[in-house]
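Please look over the sequence and the structure shown here before reading the briefing. The notes are grouped by topic and are meant to be read beside the model.

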Amino acid sequence: MEYKTTEIFYFFDEFCKKFIKVKGGHVISKSTVKRAGNRKFTLPDSEEITIMVLFHLIQYRNFKHF
């Protein structure tokens, strides 16, 4: 089965652009979320969502091997 990664990414990228405009103050920002270490988030939301969707579509059992 062939997955069109670019099209999936484009869909989520457009969604995230519209969602950011709409969410306003209704969503917890990343700066208020506590995380281990001092590393900053480096991936945009659309890339994170695309990776997770592809992981579930391909049905890997372990994210490390994906």
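The briefing below covers helix packing, salt bridges and a surface patch.

This is a predicted model, in which local features need pLDDT of at least 70 and side-chain atom pairs count only at pLDDT 80 or more, whereas totals for chains, interfaces and linings use all residues. Residues are numbered from 1 along each chain as its sequence is written, and side-chain values use heavy atoms, with hydrogens and water left out.

**Helix packing**

- Helix 1, residues 5–23, packs with helix 2 at an angle of about 135°, and their axes are 9 Å apart; helices here are DSSP runs (H or I, at least four residues) numbered from the N terminus.
- The axes are lines fitted to C-alpha atoms over the stretch in contact, with angles running from 0 to 180 degrees between N-to-C directions.
- Helix 1 and helix 2 are therefore oblique to each other, a word that applies when an angle is not under 35 degrees (roughly parallel), over 145 (roughly antiparallel) or 65 to 115 (roughly perpendicular).
- Leu54, found in helix 2, is buried with a relative accessible area of 10%, where buried means under 20%, exposed over 50% and partly exposed in between (1.4 Å probe, protein chains only).
- The C-alpha atoms of Leu54 and Lys4 are separated by 9.7 Å, while these residues are 50 residues apart along the chain.

- The structure holds 2 salt bridges, each defined as a side-chain nitrogen of Lys or Arg within 4 Å of a carboxyl oxygen of Asp or Glu.
- Lys17 forms a salt bridge with Asp13, the closest N and O atoms being 3.5 Å apart, and the two residues, 4 residues apart in helix 1, are separated by about one helical turn.
- Lys17 also forms a salt bridge with Glu14, with the closest N and O atoms 3.6 Å apart, so that Asp13, Glu14 and Lys17 are linked in a network of salt bridges.
- Asp13 is buried at 19% relative accessible area, whereas Glu14 at 25% and Lys17 at 46% count as partly exposed.

**Surface patch**

- Leu43, Ile51, Met52 and Phe63 make a nonpolar surface patch of about 330 Å², a patch being made of residues with over 30% relative accessible area and no salt bridge, with nonpolar side chains joined within 5 Å and like charges within 9 Å.
- Met52 lies in helix 2, residues 45–58, and is partly exposed, with a relative accessible area of 40%.

Technical notes: Accessible areas come from the Shrake-Rupley method with a 1.4 Å probe; for residues, only the protein chains shown count as cover.
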